[in-house]
Amino acid sequence: MRWIKAALFGMLGGLVAALLMTTTMLILRYVFGMPIPAELLGDRIAPTMPVNEFLSLMARIGGYNKLKMFGVRSVLQGQLGVGLGFGLLYGLLTEWARGRSSDPDRPRTPRPSVLLVVAAGVLAWLVSIVGFWPVLDTNFRGFPTVWAVLATMLGLAVSYGVFGASMVALYGWSTSRRSLSASATDGQRIGRRAALTLGVGVAAGIVGGGLLRRLYTLATFSYDGLRLRGTVVTPITPNDQFYCVTKNVVDPSVWKPVWGLRIDGLVENSRTYDFDEIAAMPSIDQETTLMCISNGVGDGLISNAKWRGVPLRDLIGQAGPQDGVVEALLHGADGYSDSVAIEKALETTTLVVYEMNGEPLPERHGYPVRLIVPGLFGEKNIKWVTRVELVDHDAKGFYEQQGWGPSFVVPVRSRFFGPDRSKPFPIGQPITFTGIAFAGNRGISKVEVSTDDGRTWSEATIDYRGGPTTWVLWSHEFSPEEAGDRRAVVRATDGAGEAQITRYRGIVPGGSTGLHRVPYVVSA
Ligand SMILES: Nc1nc2c(c(=O)[nH]1)N[C@H]1C(S)=C(S)[C@@H](COP(=O)(O)O)O[C@H]1N2
Ligand SMILES: [Mo]
């Protein structure tokens, strides 16, 4: 009986202690942006997965959102499971040690129990620090790197400490001395203590559950993967329609006053800029189109905006790069990182921006500051940027580690938007095909459309030409002379005279190539 009670109270205490710990983690996440282990683990594992495994896992689970949810849920359940198991061990050890004790009062918390809790806590903390080392700089409030690392370490210590302290307190109190003996009044007392312990668990569960629900409403599920759709495309994409891709479950919500952008690594003077310092520098307005490497042929993970900011080269120049710098390794508040060649980082069009279409950067697009790197796929355009580290080697970014690349140069792309092709077009009446063409930072020199599935080609009209770092909008009008099922195709040539690759290639590993081909029907 004594052992069964020890086991049951141990598990109950462990479960409630794990709930209290989890709620503590969620409070620290919600208020101070300290990453929870579920996020750290996901960010630690995702880059180590080969891209094909990553994508097939995603497909099996039903998409990035489901994968993110599955990851978080598993770790949270795991935490409760470990709490339960640890509680069992703790209960049995404590009862054993109490039995051996010569102290007539049988101590509530014998020395071996204290040792077990402290050793397990310290070990868990050390294992976390080592295991999460590369992503400890994550802080969703945007604390600068060193502070972010310290905050994460502190957050984990506090959370594990809450577990240990509540384990000791709950078990010690609920099983103290006479409560484990068998007289009737003691039985009632045990019941009361069990109920109270459960009550603490329920209270922690309510607070934690409330925070989880709150975080769920802030989660990226509703907008991650947002893309341009439909048959109309505007030269500048409104901010709320701009495509969106993020690795996060809940994106950063940066506190501008604590945020800073640090330039360090192989520089003469490392330096941290606050927001006002960057905003006070001479700024540039630049229109640039972004496109995700996962944008398949004819897909909409592409958008265009006017950005305002300062050239990254001005910041790097002030820091004084040393000889031997090969790359700039760029870090975001969310622990995301990617690298660009130092030559690319120093191009005058590579910007650190804080406005998007005349507004402060929206949170989901990198508030307060992100990078714009024309010519390379979206993943190099680090959002919520906190650190630019100059390094002497080829550093691999979050997705690059999975095996994407090795080139991240945007190839020539073109696609249709209009017109609505869901109904037949009357024969002899003009049809206006419209769409976009894009070639990174090389501009577009020519767009051609074929209305007969590639047999003959005509040059389309460029209706909107932003500049070398943007897409163009084109249109082509023609009147069909024959009825039937037909197909139209579009192809483009970049500013350097390089034609679009016609051979189809999937998005893995270097982005799609191939022509966008659409069916349409002409009725007699
Ligand atoms: N910090 C951070 N930056 C990031 C990402 C991210 O998950 N975290 N995603 C990248 C990817 S894969 C793309 S395609 C672009 C998308 O930018 P957007 O959401 O503003 O369109 O951001 C890039 N920058
Ligand atoms: Mo992307």
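**View 1. Strands β1 and β10 run parallel and are joined by four bridges.** In this predicted model, Ile-263 faces Val-388 of β10 across the pairing. On the β2 side, Ile-263 stands opposite Arg-271. Strand β1 covers residues 261-265, and its pairing with β2 is antiparallel, over three bridges. In general, the strands of a sheet pair through backbone hydrogen bonds, in a parallel or an antiparallel sense.

**View 2. The open sheet holds five strands in the order β2-β1-β10-β5-β6.** Pairing within this sheet is mixed. Its edges are β2 (271-273) and β6 (337-341), each of which pairs on one side only. From one strand to the next, the twist averages 20 degrees. Helix α9, made of residues 312-319, packs on the sheet and touches β1, β2 and β10 (385-391). The direction of helix α9 makes about 50 degrees with that of β1.

**View 3. Domain 2 and domain 3 meet in a contact that takes 21 residues from each of them.** The chain is divided into domain 1 (2-218), domain 2 (239-402) and domain 3 (413-523). Between the C-alpha centres of domain 2 and domain 3 the distance is 31 Å. Together these two domains bury about 1,600 Å², with 60% of that area on carbon and sulfur atoms. Glu-287, Thr-289 and Val-297 supply 34% of the area that domain 2 buries against domain 3, more than any other three residues.

**View 4. Polar contacts, but zero salt bridges, are counted between domain 2 and domain 3.** The polar contacts amount to nine residue pairs, both residues being at pLDDT 80 or more. On the side of domain 2 that touches domain 3, the elements giving two or more residues are β3 (284-291) and β4 (302-311). The largest share of that side, five residues, comes from β3.

**View 5. A salt bridge links the side chains of Arg-29 and Glu-39.** The N to O distance is 2.9 Å. Arg-29 belongs to helix α1 (residues 2-32) and Glu-39 to helix α2 (residues 37-45), with the two residues 10 apart in the chain. Across the whole structure, a search finds 20 salt bridges. Side chains of opposite charge can pair when their charged atoms come close.

**View 6. A cis peptide bond leads from Tyr-367 to Pro-368.** Omega for this bond is near 5 degrees. Pro-368 sits in the loop between β8 (359-360) and β9 (370-372). Most peptide bonds are trans, and most residues other than glycine have a negative phi. Asn-357 has a positive phi, near 50 degrees, and is a residue other than glycine. Asn-357 lies in the loop that runs between β7 (351-356) and β8.

**View 7. The peptide bond between Gly-418 and Pro-419 is cis.** Here omega is about -5 degrees. The loop that holds Pro-419 lies between β11 (413-416) and β12 (425-426).

Terms used:
Residues are numbered from 1 along each chain as its sequence is written. Chains are lettered from A and ligands numbered from 1 in the order in which they are written. This is a predicted model: local features need pLDDT of at least 70, side-chain atom pairs count only at pLDDT 80 or more; totals for chains, interfaces and linings use all residues. Side-chain values use heavy atoms; hydrogens and water are left out. Two strands pair if DSSP finds at least two bridges between them. Axes are lines fitted to C-alpha atoms, for helices over the stretch in contact, and angles run from 0 to 180 degrees between N-to-C directions. Contact means heavy atoms within 4.5 Å. Domain bounds come from an automatic or database domain assignment. Buried area is the accessible area (1.4 Å probe) that two parts lose on being put together, summed over both. A salt bridge is a side-chain nitrogen of Lys or Arg within 4 Å of a carboxyl oxygen of Asp or Glu. A polar contact is a pair of N or O atoms within 3.5 Å; within protein, one must be able to donate a hydrogen and the other to accept it, and residues adjacent in sequence count only if both atoms are side-chain atoms.
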